[in-house]
Amino acid sequence: VIIDTFLILSIRIANNVSPFKGDTNHLSHMTIKLGLNPNQFSFLVCILNLIIFLFYFSMVKQQLSIENTSVLISFYVLIIALISLIYYFGKIRKDN
């Protein structure tokens, strides 16, 4: 949700639009355009949060080292890439 908010604010500012103006570019709107209903989106967010929590918990338990930190960064990059794909395909669906 924080990444979604950051991306939306960045896009609005880059397009010279007020960051406080509402639109349908949020992740939830994009997933609905792709065919998920609001309950499925909520479930997806809960699962992603659980995966992130479990991943972080396992990293802390193993006491973070430089190698583990790079794995953690890679994991976050993967999540951001997945979110970007949802935005991309949601935009394509919106345009068609």
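Q: What share of the 96 residues in the protein is buried?
A: Buried residues come to 18% of the 96. Keep in mind that this is a predicted model.

Q: And the surface, how much of that is there, and what part belongs to carbon and sulfur?
A: The accessible surface is about 7100 Å², and carbon and sulfur atoms hold 70% of it.

Q: How many helices and strands does the protein have?
A: Four helices and zero strands. Along the sequence that reads α-α-α-α.

Q: Of the contacts between residues at least 6 apart in sequence, what share joins residues at least 24 apart?
A: That share is 49%.

Q: Let's go to α1. How far does it reach?
A: α1 has 13 residues and spans 18 Å from first C-alpha to last, close to the 18 Å expected at 1.5 Å a residue.

Q: Which residues of α1 are buried?
A: D4, I8 and R12 are the buried ones in α1. They sit on the same side of the helix, because the arc they cover around the axis is only 60 degrees.

Q: What's exposed on the other side of α1?
A: Over there you find I2, F6, I13 and A14 exposed.

Q: What follows α1?
A: N16 does, and its phi is positive, near 55 degrees.

Q: What does R12 touch, leaving out residues up to four places away in sequence?
A: R12 touches V17, S18, P19, F20, K21, G22, D23 and H26.

Q: Which residue does R12 form a salt bridge with?
A: With D23, where the closest N and O atoms are 2.8 Å apart. The pair links distant parts of the chain: R12 belongs to helix α1 (residues 2-14), while D23 is in the loop between α1 and α2 (27-33), 11 residues apart.

Q: Is D23 buried, exposed or partly exposed, and why?
A: D23 counts as partly exposed, because its relative accessibility is 27%.

Q: How many salt bridges does the count come to?
A: The count comes to one salt bridge.

Q: New topic: L27. Where does it lie?
A: L27 is in helix α2. With a relative accessible area of 12%, L27 is buried.

Q: What does L27 touch, again not counting residues up to four places away?
A: L27 touches D4, F41, I83, I86 and Y87.

Q: How far apart are L27 and D4?
A: In sequence L27 and D4 are 23 residues apart, and in space 6.2 Å, C-alpha to C-alpha.

Q: OK, what about the nonpolar surface patch, which residues make it?
A: The patch is made by F43, L44, I47, L48, L50, I51, F53, L54 and F57, and its area is about 820 Å².

Q: Which helix is F57 found in?
A: F57 is in helix α3, which runs over residues 38-61.

Key. Residues numbered from 1 in each chain as written. Predicted model: local features only at pLDDT ≥ 70, side-chain atom pairs only at ≥ 80, totals over all residues. Heavy atoms only, no water. Patch = residues over 30% accessible without salt bridge, like charges linked within 9 Å, V, L, I, M, F, W, Y side chains within 5 Å. Areas by Shrake-Rupley, 256 points an atom, 1.4 Å probe, with all protein chains shown as cover. Salt bridge = Lys/Arg side-chain N within 4 Å of Asp/Glu carboxyl O. Helix = DSSP H or I, 4+ residues; strand = E, 2+ residues; numbered from the N terminus. Buried < 20%, exposed > 50% of the residue type's maximum accessible area, 1.4 Å probe, protein only. Expected span 1.5 Å × (residues − 1). Arc of directions from axis to C-beta. Contact = heavy atoms within 4.5 Å.
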